[in-house]
Amino acid sequence: MTAPTIRPEDRLFHLILALMATSQGLSKDHILTTVRGYREDVEAGVQRATIERRFERDKDTVRELGIPLETYIPAEDEGNNKSTLYRIPKADYDSPQGWQLDAQDIRLLNTAAAVWREGSLSVEARLTHTKLASYGVSVDEPLVGFLPMITARDPALDALRRAVAEGCQVRFDYLKPGMSQPTTRTVSPLSIVLHENRWHLISLEEPDATERTFLLRRIVSPIKAVDAPARGAAPGQIDSITAELDELFWSKTARVQVTPGSVAALELAHRPGSTVEGDTVVVHFTDAVALGVELAGYGPDIRSIEPDAVRVAHRDALNTVVVEHGQ
């Protein structure tokens, strides 16, 4: 039996809903056998170790989004890791005391939520949204704030998903960091994965079937289908490549100075593996340029210290903003 293809953001959507809906917490076994995106793999006979690795990566992604996923072991099962329960405390999403939205804020949020629901939420997730509303659960209010981050689209995402599903090769122009001109790449797409809250294409590049991982935001042309069947992945190949991404992430760190109490300080401190030393945060990363662009988004609340690759990428990203938007 072959497991149906479940989009990663659908799986995260249902995982977050399940963990927010429980006050006592859910065990890993309960999650893997009942939550959409895991349940189908269990029913199809996918190896347990493979499903558990996916769950571990999803937990990291949820935390990268700033969502407080808690784990604890009930007192009566202390010392038994198999009894670990997972939950997302809804109280942490309560509005700050005294904080209110005016009419204009509400109109903007409703508009954004409508665009998100219609443009980037899959059929299954929309059905869940509707079902919860029919039970009298107000979905929009607690979900606004993190779900749009999960489903943010790269322009190439849907076209590459279709290519993976249809098993055809594709061609696109890709701009590598430090290069002034893109190069044309022809690949057999194997899978789309979410890593560090960014979409990546795992593929075999033609003509030699070389393993390649592409950051979707660096694809600078439309995706063109090639009239040739795609090569298939070897058993365990996709998990192996994804594991290499994880290993790269944990092997590299950057040191940045942040304004205490700022959004930058809060979000960077809660990235997986981050450590805080006064007004300095040490964060893990995979791609120096991608991190530099992310840091630039925090504006004056952050200063890169090391390594040089991140510091230069951060400076270049800020200079680009000045050139494109400065007066």
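Select alanine 230 and display its surroundings: leaving aside neighbours within four places in sequence, alanine 230 is in contact with Gly167, Cys168, Gln169, Ser188 and Pro189, where contact means heavy atoms within 4.5 Å. Alanine 230 is found in the loop between E8 and H10; helices (H or I, at least four residues) and strands (E, at least two) are DSSP runs, numbered from the N terminus. At 22% relative accessibility, alanine 230 counts as partly exposed, on a scale where buried means under 20% relative accessible area, exposed over 50%, and partly exposed in between (1.4 Å probe, protein chains only).

Residues are numbered from 1 along each chain as its sequence is written, and side-chain values use heavy atoms, with hydrogens and water left out.

Now colour the model by pLDDT, the predictor's confidence in each residue, from 0 to 100. The mean pLDDT of the protein is 79, and 78% of its residues reach 70 or more. Over residues 115–124, however, the pLDDT is below 50, and this stretch has 20 contacts in the model beyond near neighbours in sequence. Residues 130–152 also stay under 50 in pLDDT, with 33 contacts beyond four places in sequence. Where pLDDT is low, the predicted coordinates should not be read in detail.

Next, select the open sheet of five strands, which has the order E7-E6-E5-E4-E8 with antiparallel pairing; two strands pair if DSSP finds at least two bridges between them. Strand E7 (210–215) and strand E8 (224–229) stand at the edges with a single partner strand each, so one side of each is left without a neighbour in the sheet. Neighbouring strands of this sheet are turned by 45 degrees against each other on average, direction ignored; axes are lines fitted to C-alpha atoms, for helices over the stretch in contact, and angles run from 0 to 180 degrees between N-to-C directions. Helix H9 (residues 157–166) packs on the sheet, touching strand E4 (168–174), strand E5 (183–195) and E6, and the direction of H9 makes about 90 degrees with that of E5.

Zoom in on strand E6 (residues 198–205), which is joined to E7 by six bridges in an antiparallel arrangement. Leucine 204 stands opposite glutamate 211 in E7. Which residues does serine 203 touch, not counting residues up to four places away in sequence? They are Val187, Ser188, Pro189, Leu190, Thr210, Glu211, Arg212 and Phe214. Serine 203 is found in strand E6 and, at 0% relative accessibility, counts as buried.

Stay here and show the side chains of glutamate 205 and arginine 212, which form a salt bridge with the closest N and O atoms 2.9 Å apart; a salt bridge is a side-chain nitrogen of Lys or Arg within 4 Å of a carboxyl oxygen of Asp or Glu. Glutamate 205 counts as buried at 12% relative accessibility, whereas arginine 212 is partly exposed, with a relative accessible area of 35%.

The structure holds 24 salt bridges, and another to select joins glutamate 56 and lysine 28 (3.7 Å, N to O). This pair links distant parts of the chain, with glutamate 56 in helix H4 and lysine 28 in helix H2 (residues 28–34), 28 residues apart. Both belong to a network of salt bridges that links Lys28, Asp29, Arg48, Glu52, Glu56 and Lys59.

Finish at helix H10 (residues 237–251), whose 15 residues reach 21 Å from first C-alpha to last, close to the 21 Å expected at 1.5 Å a residue, the expected span being 1.5 Å times one less than the number of residues. In H10, Gln237, Asp239, Ile241, Thr242, Leu245 and Phe249 are buried. What covers these buried residues includes helix H4 (48–64), E5, E6, E7 and strand E11 (280–284).

Technical notes: Predicted model: local features only at pLDDT ≥ 70, side-chain atom pairs only at ≥ 80, totals over all residues.
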